[in-house]
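Here's a quick briefing to read alongside the sequence and the 3D view. Have both open and follow along.

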Amino acid sequence: MTVERGTAAVDGGGTPPGGGAPYVDQTVAAVFAPSGPLASALASYRHRPQQIELASSIAQAVRDRSVLIAEAGTGTGKTVAYLVPALLYGGKVLISTGTKTLQDQLFHRDLPTVRDALGLPAQIALLKGRANYVCGYHLERHVHDGRLQSRDVASHLQSIARFAARSATGDRAELPDIPETSPAWALATSTRENCLGQECPTFKQCYVMKARREALMADIVVVNHHLFFADAMLRDEGMAELLPSCDTVILDEAHQLPEAATQFFGESVSTGQVLDLCRDALVEARVSAPEERTLTDRVRSADKAARDLRLAIPLKETRIAEQGLDRFEGFKDALNFLG
């Protein structure tokens, strides 16, 4: 298996089936042997001493409840190297990846392949942030709203509704026909701020809660760094955690951790968030205070300021320090009412 050059961090706990390092080393060597289960199950398998060395080091870290930071070059087979000891040890394992694409690949392809090759009955689960799952309540509310911004959005919402009616997971990754950038996704998913929790009329069918229940029951849970740090942030704030407790944590593509940590333990606001807030405020104003023009005017002012800011910045993905906003005339003033 060929993987991109990257790093993996392992924070281990748990007890190997045989109890000690010799058992683990022998088992790992047997799994990766030229006549072993991986060679039998994977047509492209090649015996690589570097891969066995990496897998043995990871197994040792799990056994000793220690931290291991490893870097492997292209062609080492890093993913299989950490999946084998993760599966052999048993216990609860949390694997975090750098991107949702890699997360899906790991859950749908790599992890089942290695699990089946080893003949182990491990239960696996995929868990993403709530924005990746269709929300039945918000989807139905906006489908019947009748005041959508375009025909494309209305068409996308109808497609999402048909998908939700037949999907077992509600994972938007299973509906690639709808662009990631479509405004329909914001209308068909929930946020931490607008989720109704147990008061939601569709709570029993909630895809987010279903995914979390499956994660609690699974032996190996695949998440991504954004969700990992979102959970860490909630724990620091003394709120309920998103992720289940585990014996071993494996952080794939660990060199992306500083960027992800900065996003969650810093404070930021995006023009997209401002536009989402403006949209929700306008919907609420139409329903609850249709005669109140002041609120509507202020919301439209903030919406325009956010869009003007986007147009003033040449790059799509740009971060600006708070002090740097002063050069964009009118932006801060237009947002004052939000405070």
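A cavity is a set of points, on a 1 Å grid over the protein atoms alone, where a 1.4 Å probe fits but cannot get out, and its lining residues have an atom within 4 Å of a point. Keep in mind that this is a predicted model: local features need pLDDT of at least 70, side-chain atom pairs count only at pLDDT 80 or more, and totals for chains, interfaces and linings use all residues. Residues are numbered from 1 along each chain as its sequence is written, and side-chain values use heavy atoms, with hydrogens and water left out.

**A cavity and its lining**

- Around the second largest cavity you'll find H138, R141, H142, A186, L187, T189, N194, R279 and D280.
- Helices α6 (136-143), α8 (184-188) and α12 (271-288) each supply at least two residues of that lining, and α6 gives the most, with three; helices here are DSSP runs (H or I, at least four residues), as are strands (E, at least two), numbered from the N terminus.
- Sorted by class, the lining of the second largest cavity has two nonpolar, four polar and three charged residues (Ala, Val, Leu, Ile, Met, Phe, Trp, Tyr, Cys and Pro count as nonpolar, Asp, Glu, Lys and Arg as charged, and the others, Gly among them, as polar).

- In α11 (residues 257-265), L257, A260, A261 and F264 are buried, meaning under 20% relative accessible area, with exposed being over 50% and partly exposed in between (1.4 Å probe, protein chains only).
- Look down the axis of α11 and its buried residues fall within an arc of 100°, so they line one face of the helix; the arc is that of the directions from the helix axis to the C-beta atoms.
- P258 and T262 are exposed, on the face of α11 turned away from its buried side.

**Two positive phi values**

- Most residues other than glycine have a negative phi.
- R65 isn't a glycine, yet has a positive phi of about 55°; R65 sits in the loop between α3 (49-64) and β2 (67-72), and counts as exposed at 56% relative accessibility.
- E253, also not a glycine, has a positive phi near 50°; E253 lies in the loop between β6 (248-252) and α11, and counts as buried at 8% relative accessibility.

Definitions and conventions:
On a 1 Å grid over the protein atoms alone, a cavity is a set of points where a 1.4 Å probe fits but cannot get out, and a pocket is an open set with protein on both sides within 12 Å along at least five of seven lines; lining residues have an atom within 4 Å of a point.
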